[in-house]
Amino acid sequence: MPTSVAFEQKKQFLFLFLCGLFLTNALIAEIIGVKIFSVEALLGIAPAQLPLFGTKLDFNMSAGVVNWPIVFITSDIINEYFGKKGVRRISYLTAIFIAYMYIAIYSTTSLPPAQFWLDINSKDSLGNSMNIDGAFNAIFRQGLGIMLGSIVAFLIGQVLDVTVFSWLRRRTGSKHIWLRATGSTLFSQLVDSFVVIFIAFYLFGNWSVTQILQVGSINYIYKGCVALLTTPVLYGAHYLIDRYLGKENAHQLANEAAASSFTAM
């Protein structure tokens, strides 16, 4: 009995830790996603100039892509050990918190700024005039289209990811972790990469279909490369969980999660 109680406590802590990691990184990715950075400049290489849909594009990405790979990996680990039900619970909860976060942030941008705050922040580090309240609003006040696009794309991506992961798990058993993890991510992100910008910038904006295809393709290429490069991280996480729970207990938990997912399918 003591061993069983200890295992249940470890299992509960593991689930809470993974959910916290998932939720935290998803929220951070949404907040920092307003910044666009150059991947080529970061790596110190020349612009890619990829010929796509009649133009040449560089890898200019939302800063949110820094954290999203952690969300994908965590989602696959939760699916591996706690099944589809575990992933769906944290996914729906995260979507609710993302919506709440946007409402809270939008509300704060409507608060009147204190005059002393405007005065002491009237210059930037180079001595140029600056409106700190305007900068705050410009960064944090994202439009309704972006909010809806993010939430819808997130939910669709998660549902597809967990479904494909479980389908591959059913056919590969406990083998080929990389196949079900990478395969599910590549498939779900193919949809996610286009849904978010289609809703935000086509339905609620003025982008053309060509622009949607261009930017979505760049996003997907990047996410696909990251999914492949982070495969060793996934194996490392499995190794640590096996050591934490005990290899036998970890495998039993994974088998139970797989069985429950197959029943749900």
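The protein chain exposes about 14500 Å², of which carbon and sulfur atoms supply 67%; accessible areas come from the Shrake-Rupley method with a 1.4 Å probe, and for residues only the protein chains shown count as cover. The model is a predicted one, in which local features need pLDDT of at least 70 and side-chain atom pairs count only at pLDDT 80 or more, whereas totals for chains, interfaces and linings use all residues. Residues are numbered from 1 along each chain as its sequence is written, and side-chain values use heavy atoms, with hydrogens and water left out.

The secondary structure comprises 10 helices and four strands, where helices (H or I, at least four residues) and strands (E, at least two) are DSSP runs numbered from the N terminus. Along the sequence, these elements follow the pattern α-β-α-β-β-β-α-α-α-α-α-α-α-α. Of the 265 residues in the protein chain, 42% are buried, a term that denotes under 20% relative accessible area, with exposed meaning over 50% and partly exposed in between (1.4 Å probe, protein chains only).

The largest nonpolar core has 37 residues, and those with the most contacts inside it are Trp68, Ile77, Tyr81, Phe82 and Leu245; such a core is a set of buried Ala, Val, Leu, Ile, Met, Phe, Trp, Tyr and Cys residues joined through side-chain atoms within 4.5 Å. At least two residues of this core are supplied by each of α1 (2-32), α3 (68-109), α6 (144-172), α7, α9 (231-245) and α10 (247-264), and the largest share, 15 residues, comes from α3. When residues up to four places away in sequence are not counted, Tyr81 touches His238, Ile241, Asp242, Ala250, Leu253, Ala254 and Ala257, contact being defined as heavy atoms within 4.5 Å. A second, separate core of 11 residues includes Phe37, Leu57, Val65 and Val226.

On the surface, Phe53, Leu148, Phe198, Tyr202, Leu203, Phe204, Val209 and Leu213 form a nonpolar patch with about 700 Å² of accessible area together. Patches are made of residues with over 30% relative accessible area and no salt bridge, like charges being joined within 9 Å and nonpolar side chains (Val, Leu, Ile, Met, Phe, Trp, Tyr) within 5 Å; a salt bridge is a side-chain nitrogen of Lys or Arg within 4 Å of a carboxyl oxygen of Asp or Glu. Helices α7 (177-203) and α8 (209-229) each supply at least two residues of the patch, and α7 gives the most, with three residues. Phe204 lies in the loop between α7 and α8 and is partly exposed, with a relative accessible area of 46%.
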